[in-house]
Amino acid sequence: MSTRIAFLKGHGTENDFVIVPDPENVIDLSPAAVAALCDRRAGIGGDGLLHVVRSAAHPEARDMAAEAEWFMDYRNGDGSVSEMCGNGVRVFARYLQRAGHVAAGDITVATRGGVKTVHLAKDGDVTVGMGKALLPEGDVTVSVGERSWPARNVNMGNPHAVAFVDDLAHAGDLYSPPPFSPAGAYPEGVNVEFVVDRGPGHVAMRVHERGAGETRSCGTGACAVAVAAARRDGADPAVTGTRATYTVDVPGGTLVITEWPDGRIEMTGPAVIVAEGEIDAEWLENAIR
């Protein structure tokens with residue numbers, strides 16, 4: 001490991017990330033190292049880490065290299081691996097633009113959830129093609145304290161349980177994962193969204209992200225919420241033939257989610273790089289001992 005490791009810090013609607021450019025995949029980012037870097041008191045701080053690697057250099061992405069030059073090796077703040085992060089993809093694309101790897105317009109990014117299409121608009125917003133939602137069958141319930149709600153099971157490349165509530169305060173502190181049932185519904189854990197209505201086509205949410213706790217925003221979660229709201233409202237684009245667009249307020253800002261009749265989901269919102277610097281490799285080695 002070199003003496004210094006370059007990093008950047010960025011966020012999308014205040015869902016924040018440590019960004020580690022590593023085109024040839026030579027930096028050993030163990031779960032302990034990621035957790036140390038994402039620690040908000042002893043490290044840089046972030047909800048997750050974006051490891052920037054050329055697809056051809058990463059064993060999990062080589063088969064996507066023909067479609068996407070760059071692979072988002074995404075890690076949760078606790079060091080665990082995640083399939084996909086919608087806000088992370090927007091920030092990842094913004095980094096690629098800042099580094100001169102891509103220009104404004106359409107690009108592709110490889111993720112564990114598949115290849116995503118990203119549009120970098122000249123006005124600063126970033127739109128991500130989030131793929132299609134899967135709606136697994138079966139009833140799911142989530143709980144906080146003595147309250148329980150039915151939840152919609154939505155998979156956006158990662159699992160979500162979407163519960164509509166009367167008050168976002170009912171979600172509690174979200175320090176620990178809200179219990180769900182049946183226990184086998186989410187064998188690898190789940191992101192849980194609590195949602196209230198703000199008006200026609202307009203909702204607000206809070207989320208507990210597995211491996212990160214409550215975050216200021218969750219892109220895949222906002223998509224899952226929009227899909228669940230559309231189904232609840234009888235606005236399934238595959239049935240109506242008309243796109244469904246929802247404005248989703250998150251604690252860190254606002255995202256706009258559109259589902260098209262063919263099932264494609266697009267998410268639009270800001271992505272900002274706020275700082276860059278160097279990680280002291282000796283500190284990192286000591287932090288993970």
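Where is Pro-182 found? Pro-182 sits in the loop between strand 11 (180-181) and strand 12 (191-199), where helices (H or I, at least four residues) and strands (E, at least two) are DSSP runs numbered from the N terminus. The bond that joins Ser-181 and Pro-182 is a cis peptide bond, with omega about 0 degrees.

## About the model

This is a predicted model, in which local features need pLDDT of at least 70 and side-chain atom pairs count only at pLDDT 80 or more, while totals for chains, interfaces and linings use all residues. Residues are numbered from 1 along each chain as its sequence is written, and side-chain values use heavy atoms, with hydrogens and water left out.

## Two loops with positive phi

Thr-13 has its place in the loop between strand 1 (4-12) and strand 2 (15-21), and its phi is near 45 degrees, a positive value in a residue other than glycine. With a relative accessible area of 2%, Thr-13 is buried; buried means under 20% relative accessible area, exposed means over 50%, and partly exposed is in between, for a 1.4 Å probe and protein chains only.

Asn-25 lies in the loop between strand 2 and helix 1 (31-38), and here too phi is positive in a residue other than glycine, near 60 degrees. Asn-25 counts as partly exposed, at 25% relative accessibility.

## Ser-217 and helix 3

In the loop between strand 14 (213-214) and helix 3 lies Ser-217, which counts as buried at 0% relative accessibility. Its side chain makes a polar contact with the side chain of Asn-87, at 2.8 Å; a polar contact is a pair of N or O atoms within 3.5 Å, and within protein one must be able to donate a hydrogen and the other to accept it, while residues adjacent in sequence count only if both atoms are side-chain atoms. When neighbours within four places in sequence are left aside, the residues in contact with Ser-217 (heavy atoms within 4.5 Å) include Thr-13, Asn-87 and Glu-209.

Helix 3 (residues 219-232) has 14 residues and reaches 20 Å from its first C-alpha to its last, close to the 20 Å expected at 1.5 Å a residue, the expected span being 1.5 Å times one less than the number of residues. Because 13 of its 14 residues are buried, helix 3 is largely enclosed by the rest of the structure. Just after helix 3, Gly-234 takes a positive phi of about 70 degrees.

## Nonpolar cores

A nonpolar core is a set of buried Ala, Val, Leu, Ile, Met, Phe, Trp, Tyr and Cys residues joined through side-chain atoms within 4.5 Å. The largest one holds 51 residues, of which Met-72, Met-205 and Ile-257 touch the most other members. Helix 3 supplies the largest share of this core, nine residues. Apart from it lies another core, of 17 residues, with Ala-161, Leu-168, Val-190 and Val-192 among them. In soluble globular proteins, nonpolar side chains tend to be buried together.

## Cysteines without disulfides

A search of the whole structure finds zero disulfides, a disulfide being a pair of cysteine sulfur atoms within 2.5 Å. The sulfur of Cys-38 is too far for a bond, because the closest cysteine sulfur, in Cys-85, is 11 Å away. Cys-223 is likewise in no disulfide, with the nearest cysteine sulfur, that of Cys-218, 8.7 Å away. Cys-38 is buried, with a relative accessible area of 5%, and Cys-223 counts as buried at 0% relative accessibility.
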